[in-house]
Amino acid sequence: MDDDAELFRQAMRDVRPLAPSERVARRSLPRPPPIARSRAADDREVIDSLLAEPDPEWLEHGETLQYRAPGVQDGVLRRLRRGHYRVDGNLDLHGMNRARAQQAVAGFLADCAVRDRRCVRIVHGKGNGSPNSGPVLKRLLDGWLRRRRDVLAYCSARPADGGTGAVYVLLRAG
């Protein structure tokens, strides 16, 4: 131990303190207050969402359809509901019976896969013309879409695009 101390003194014998400098030492300056960038971004996002177009679910009280496949994030469904995806194709089922509507949906979705369409709208109607039973095609479409592997998510459209009488469908990439 004494040998280490002696070796250190010998190594430091030529060391002299530096002359005083006119530069200000870093530690003497006050540090600026921390800026919570994530919090500011979060606050901006909340304000933007409050000023944005209202969520269709707040506007309509009819029966809305909504589904997301396992593994699809909530944000994807939220953006679909708000109409943030470009609609690449449309199918209108008005006036079709069950069998014809099912064939039309299957053919339309197959064509969308070939054409690499990712977001489409299917108009099923609100069932105002159905006697006593309400929207028949709407309930059937809900079941048909849930069973398809190529459907990632779907939800009732915004009021401007048909509201509870239509759905946006988000399809898996080819």
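How many salt bridges does the structure hold? The structure holds 7 salt bridges, a salt bridge being a side-chain nitrogen of Lys or Arg within 4 Å of a carboxyl oxygen of Asp or Glu.

This is a predicted model, in which local features need pLDDT of at least 70 and side-chain atom pairs count only at pLDDT 80 or more, while totals for chains, interfaces and linings use all residues. Residues are numbered from 1 along each chain as its sequence is written, and side-chain values use heavy atoms, with hydrogens and water left out.

## Overall architecture

The protein chain contains 6 helices and 5 strands. Helices (H or I, at least four residues) and strands (E, at least two) are DSSP runs, numbered from the N terminus. Along the sequence these elements follow the pattern α-α-α-β-α-β-α-β-α-β-β.

Of the 174 residues in the protein chain, 30% are buried. Buried means under 20% relative accessible area, exposed means over 50%, and partly exposed lies in between (1.4 Å probe, protein chains only). The accessible surface of the chain comes to about 12900 Å², and carbon and sulfur atoms account for 51% of that surface. Accessible areas come from the Shrake-Rupley method with a 1.4 Å probe, and for residues only the protein chains shown count as cover.

Contact means heavy atoms within 4.5 Å. Among contacts between residues at least 6 apart in sequence, 66% join residues at least 24 apart.

## A covered helix and a loop residue

Helix 6 (residues 136-146) is mostly covered, with 8 of its 11 residues buried. The buried residues of helix 6 include Leu137, Leu141, Trp144 and Leu145. Packing partners of the buried residues of helix 6 are helix 5 (98-114), strand 3 (119-123), strand 4 (151-156) and strand 5 (166-171).

Val87 sits in the loop between helix 4 (74-81) and strand 2 (89-92). Its relative accessible area is 29%, so Val87 is partly exposed. Leaving aside neighbours within four places in sequence, Val87 is in contact with Cys119, Val120, Arg121 and Tyr168. Val87 and Cys119 are 32 residues apart in sequence, yet their C-alpha atoms are 5.1 Å apart in space.

## Surface patches

Patches are made of residues with over 30% relative accessible area and no salt bridge; like charges are joined within 9 Å, and nonpolar side chains (Val, Leu, Ile, Met, Phe, Trp, Tyr) within 5 Å. One nonpolar patch on the surface is formed by Phe8, Met12 and Val15, with about 300 Å² of accessible area together. Phe8 belongs to helix 1 (residues 2-12) and is exposed because its relative accessible area is 54%.

A patch of negative charge on the surface gathers Asp42, Asp43, Glu45 and Asp48. Lys and Arg count as positive and Asp and Glu as negative, while His and the chain ends are not counted. The place of a charge is taken as NZ of Lys, CZ of Arg, CG of Asp or CD of Glu. Asp42 lies in helix 2 (residues 37-51) and counts as partly exposed because its relative accessibility is 47%.

## Salt bridges

| Salt bridge | Distance, N to O |
|---|---|
| Arg9 and Glu6 | 3.7 Å |
| Asp74 and Arg68 | 2.7 Å |
| Arg148 and Asp150 | 2.9 Å |

Arg9 and Glu6 are separated by about one helical turn because they are 3 residues apart in helix 1. Arg9 is exposed, at 52% relative accessible area, whereas Glu6 is partly exposed, at 36%. Asp74 is partly exposed, with a relative accessible area of 47%, and Arg68 counts as partly exposed at 36% relative accessibility.
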